[in-house]
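Visitor: I am new to this structure. Could you show it to me and take me through it?

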Amino acid sequence: MSMEHVVSVRIYLIIFAALVVLTGITTAVAFVDLGRLNVVVMLLIAFVKASLVVLYFMHVRFTGRLTQIAAASGLAWLTIMIGLTLRHVLTRAVVH
């Protein structure tokens, strides 16, 4: 028999409210001209929102160590792929 962790409805509502607030902040930042910082701020907010979804709605926070390692390795692979893509984009020559 497996022991499942039961998350209370209160926690789900708090996480949902945080996601709604973060979505509002993302929308507000879109209307403010921060230059190149706009993308950085929006990606940080997106990272926080994705983390909340993975940890609570996908129950990774309450699972075994192997599932947490699999989720972390997926994040590491995504970081590598984004890093390689940015390295390519930022170092190529501008063609006029």
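**A walk through the helices**

Guide: Start with Asn38, which is buried at a relative accessible area of 12%. Bear in mind that this is a predicted model.

Visitor: Which element holds Asn38, and which residues is Asn38 in contact with, leaving aside neighbours within four places in sequence?

Guide: Asn38 lies in helix H2. With neighbours within four places in sequence left aside, the contacts of Asn38 are Val29, Ala30, Val32 and Asp33.

Visitor: How far apart are the end C-alpha atoms of H2?

Guide: H2 has 21 residues. At 1.5 Å a residue, H2 should span 30 Å. The model agrees with that, as the end C-alpha atoms are 29 Å apart.

Visitor: Within what arc do the buried residues of H2 fall?

Guide: The buried residues of H2 are Asn38, Ile45, Leu52 and Tyr56. They line one face of the helix, because seen down the axis of H2 they fall within an arc of 70°.

Visitor: Which residues are exposed on the other side of H2?

Guide: Buried residues of H2 have cover that includes H1. On the other side of H2, the exposed residues are Val39, Leu43 and Leu44.

Visitor: How far does helix H1 reach from its first C-alpha to its last?

Guide: H1 covers residues 9-30, which makes 22 residues. At 1.5 Å a residue, 32 Å is expected. The reach of H1 is close to that, at 32 Å.

Visitor: What arc do the buried residues of H1 cover around the axis?

Guide: Ile15, Leu19, Leu22, Thr26 and Val29 are buried in H1. They sit on the same side of H1, because the arc they cover around the axis is only 85°.

Visitor: What do the buried residues of H1 pack against?

Guide: On the other side of H1, Val9, Arg10, Leu13, Phe16 and Val21 are exposed. The buried residues of H1 pack against helix H2.

Visitor: Is Leu22 buried or exposed?

Guide: Leu22 lies in helix H1. Leaving aside neighbours within four places in sequence, Leu22 is in contact with Ile45, Val48, Lys49 and Leu52. Buried means under 20% relative accessible area. At 17% relative accessibility, Leu22 counts as buried.

Visitor: How far apart in space are Leu22 and Val48, C-alpha to C-alpha?

Guide: Along the sequence, Leu22 and Val48 are 26 residues apart. In space, C-alpha to C-alpha, they are 8.5 Å apart.

Visitor: What separates the C-alpha atoms of Ile25 and Val6?

Guide: Ile25 is in helix H1. Ile25 counts as partly exposed, at 38% relative accessibility. Ile25 and Val6 are 19 residues apart along the chain, and their C-alpha atoms are separated by 30 Å.

Visitor: What is the phi of His59?

Guide: His59 lies in the loop between H2 and H3. His59 counts as partly exposed, at 29% relative accessibility. His59 is a residue other than glycine, yet its phi is positive, near 60°.

Visitor: Which helix gives the most to the nonpolar patch?

Guide: The patch on the surface is formed by Phe47, Val48, Leu75, Leu78, Ile82, Leu86, Val89 and Leu90, with about 730 Å² of accessible area together. H2 and H3 each supply at least two of its residues. With six residues, the helix that gives the most is H3.

Visitor: What is the relative accessibility of Leu86?

Guide: Leu86 has its place in helix H3. Leu86 counts as partly exposed, and its relative accessibility is 45%.

Technical notes: Residues numbered from 1 in each chain as written. Predicted model: local features only at pLDDT ≥ 70, side-chain atom pairs only at ≥ 80, totals over all residues. Heavy atoms only, no water. Expected span 1.5 Å × (residues − 1). Buried < 20%, exposed > 50% of the residue type's maximum accessible area, 1.4 Å probe, protein only. Arc of directions from axis to C-beta. Contact = heavy atoms within 4.5 Å. Patch = residues over 30% accessible without salt bridge, like charges linked within 9 Å, V, L, I, M, F, W, Y side chains within 5 Å. Areas by Shrake-Rupley, 256 points an atom, 1.4 Å probe, with all protein chains shown as cover. Salt bridge = Lys/Arg side-chain N within 4 Å of Asp/Glu carboxyl O.
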